[in-house]
Number of protein chains: 2
Amino acid sequence: MRRHHRRRSSTPSVDFGEDEEDDEEETSSEARMKCVSCKEDYSSRDAGTCRECYEEASETEEELKREIEDLKAKVNFLRFWAPPDPLHHLHQQQRTVPLFSDVVLVASHDESGNSTPHPVPVPANRAVLASRSPVFRAMLENEMEESLSGTIKISDVSYDALRAFVTYLYTGDACLDELMACDLLVLAEKYQVKHLKTYCEKFLISKLNWENSLPNYAFAYQHSAKKLLDAALTLIMENMDKLSKREEYKELVDKDPRLVVEIYEAYLSKQVNTAVHKDPVAKA
Amino acid sequence: MRRHHRRRSSTPSVDFGEDEEDDEEETSSEARMKCVSCKEDYSSRDAGTCRECYEEASETEEELKREIEDLKAKVNFLRFWAPPDPLHHLHQQQRTVPLFSDVVLVASHDESGNSTPHPVPVPANRAVLASRSPVFRAMLENEMEESLSGTIKISDVSYDALRAFVTYLYTGDACLDELMACDLLVLAEKYQVKHLKTYCEKFLISKLNWENSLPNYAFAYQHSAKKLLDAALTLIMENMDKLSKREEYKELVDKDPRLVVEIYEAYLSKQVNTAVHKDPVAKA
């Protein structure tokens, strides 16, 4: 919310001191100043920083912005093109950069309902895979089956998720929805691609609400996603009464009662802490 | 330069308004405030921003810092390991990641005085080279000699510069001195690696002074390094009297008089502009 302009300075540039003289006649008991940033008048009650600190902060901001530009340019330089999609390749107008592929990945269990009788291989480079994932590196460095055959089978994954996974390894980017974020998090955990796991976790945390907190908690628990787990647990504890009446809750009790016990333990521990905080004497 | 503390607040947190009341008794004619950033007192004459703008700026700074952290993590994810140095490979303690190399680069003219009778090939990946340089891409995509033989000859370059060049294509980083920056800028121009050219140009600009401005100007001119050219020209024009007595100047007149003419033309144009600026009537 902007304060109302009391007057405009004749010069658009920063004008220190001038206000003081002008305003002294108007309001001798309270000095009014013009903010060097928003150019609006303010009283000493609303004062922020001194001029020196403002100038330092402005310089810092400029430096940070320059650093961001440099880093963005570096990301653009370092990212690879996304490997072409063999399924859509013929329809693509844009010419893709050649991949010089020396390995293919195959979704060995296509759960997407895709009716392709033979799984479509996703082309890639051994160098890229080994650089991004220590699991691929071990697989390709040693004379394992995958290295000799040039085919890496990825189980329990849809073709679309596999393609998104490979694209991420090349570009550091993925187009996520909640399902895709879960699929990629599982792949990221399995192939130890930390950067992707963090990326998916951040996305899932941004989509958390009390209604999806239980399934997210169970998912995070299963895949050791600590930040998602903590965020979901916080939401669960804030909504225990509502959640314990829901179908997901009953399902979780049936399927994984130990997990539900952990939730109650965390809930109890929080209540005790809150009580101690409210009444420090009780602690003694 | 920090101002002297007039008094310390009892609370370390931001305290608005309080100053006003306390100080009004001391200096009724001039309100004194405590800067929320450096915590020092200041008078309205030294006022910077209002509180609202200060808070906005602090939030912006935090956001920019988070963005920088994210970008740095992405750069780390996207950068490749540097290819191993065959010359020093045996001495290296650290285990390098396998390169899965499918092409080698060879410095066909080693100007460093290196006495190696046969040039040492630098291993690389076609996919990486093609992704970083449109020249390599065209070379490797089409069935050219380099693509068929798997050997790319790079002329007029030392082994060290070639290795630094390939390392940059993998990592986006180089360890520069002025000679190396020039060597890499030449390679970057030849193979159209814009990011590296900018990187070298920035480094050379940071090392510019009036004494090296002439050779830098000639170098920038030869390799179309516009920003370095402009920076060097500015320095040259500021030091024309000193520079015109130097040996480099005489050499440049002998070697490339056209370049010297361009310097004088820029100098003249600057003088005319300055004159017009000083005496606007002369323009009419």
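Visitor: What makes strand S3 and S5 of chain A a pair?
Guide: This is a predicted model. Two strands pair if there are at least two bridges between them. Strand S3 (residues 103–107) of chain A and S5(A) have four bridges, in the parallel sense. So they pass the cut-off of at least two bridges.

Visitor: Which residue stands opposite Ala107(A)?
Guide: Ile154(A), in S5(A).

Visitor: Why are S4 and S5 of chain A called edge strands?
Guide: The open sheet of chain A has three strands, in the order S4-S3-S5, with mixed pairing. Strand S4 (122–124) and strand S5 (151–154) of chain A each pair on one side only. On average, neighbouring strands of this sheet are turned by 25° against each other, direction ignored.

Visitor: How do you know that helix H4 of chain A packs on the sheet?
Guide: Contact means heavy atoms within 4.5 Å. Helix H4 (residues 134–141) of chain A touches S3 and S5 of chain A. The direction of H4 makes about 140° with that of S5(A).

Visitor: What order do the strands of the chain B sheet have?
Guide: S4-S3-S5, in an open sheet of three strands with mixed pairing. The edge strands of chain B are strand S4 (122–124) and strand S5 (151–154). The twist averages 25° from one strand to the next.

Visitor: How do you know that S3 and S4 of chain B pair?
Guide: Count the bridges. Strand S3 (residues 103–107) of chain B and S4(B) have three, in the antiparallel sense. The rule asks for at least two, so the two strands pair. Val103(B) stands opposite Ala124(B) in S4(B).

Visitor: Which strands of chain B does helix H4 touch?
Guide: S3 and S5 of chain B. Helix H4 (residues 134–141) of chain B packs on the sheet there, and its direction makes about 140° with that of S5(B).

Visitor: Why is the contact of Asp46(B) with Arg51(A) called a salt bridge?
Guide: The cut-off is 4 Å, from a side-chain nitrogen of Lys or Arg to a carboxyl oxygen of Asp or Glu. The closest N and O atoms of Asp46(B) and Arg51(A) are 3.4 Å apart. That is within 4 Å, so the name applies. The pair crosses between chains: Asp46(B) is in the loop between strand S2 (41–43) and helix H2 (51–78) of chain B, and Arg51(A) is in helix H2 of chain A.

Visitor: What makes Arg51(B) and Asp46(A) a salt bridge?
Guide: Their side chains meet at 3.5 Å, N to O. The cut-off is 4 Å, so this pair qualifies.

Visitor: How many salt bridges are there between chain A and chain B?
Guide: Eight. Over all chains the count comes to 23. Between chain A and chain B there are also 17 residue pairs in polar contact, both residues at pLDDT 80 or more.

Visitor: Which element of chain A gives the largest share of the side that touches chain B?
Guide: H2(A), with 19 residues. By class, that side of chain A has 33 nonpolar, 14 polar and 25 charged residues.

Visitor: How many residues of chain A are in contact with chain B?
Guide: 72 residues of chain A, in contact with 72 residues of chain B. The two chains bury about 6,200 Å² between them, 61% of it on carbon and sulfur atoms. Phe77(A), Leu78(A) and Phe100(A) supply 12% of the area that chain A buries against chain B, more than any other three residues.

How values were computed:
Residues are numbered from 1 along each chain as its sequence is written. Chains are lettered from A and ligands numbered from 1 in the order in which they are written. This is a predicted model: local features need pLDDT of at least 70, side-chain atom pairs count only at pLDDT 80 or more; totals for chains, interfaces and linings use all residues. Side-chain values use heavy atoms; hydrogens and water are left out. Axes are lines fitted to C-alpha atoms, for helices over the stretch in contact, and angles run from 0 to 180 degrees between N-to-C directions. Buried area is the accessible area (1.4 Å probe) that two parts lose on being put together, summed over both. A polar contact is a pair of N or O atoms within 3.5 Å; within protein, one must be able to donate a hydrogen and the other to accept it, and residues adjacent in sequence count only if both atoms are side-chain atoms. Ala, Val, Leu, Ile, Met, Phe, Trp, Tyr, Cys and Pro count as nonpolar, Asp, Glu, Lys and Arg as charged, and the others, Gly among them, as polar.
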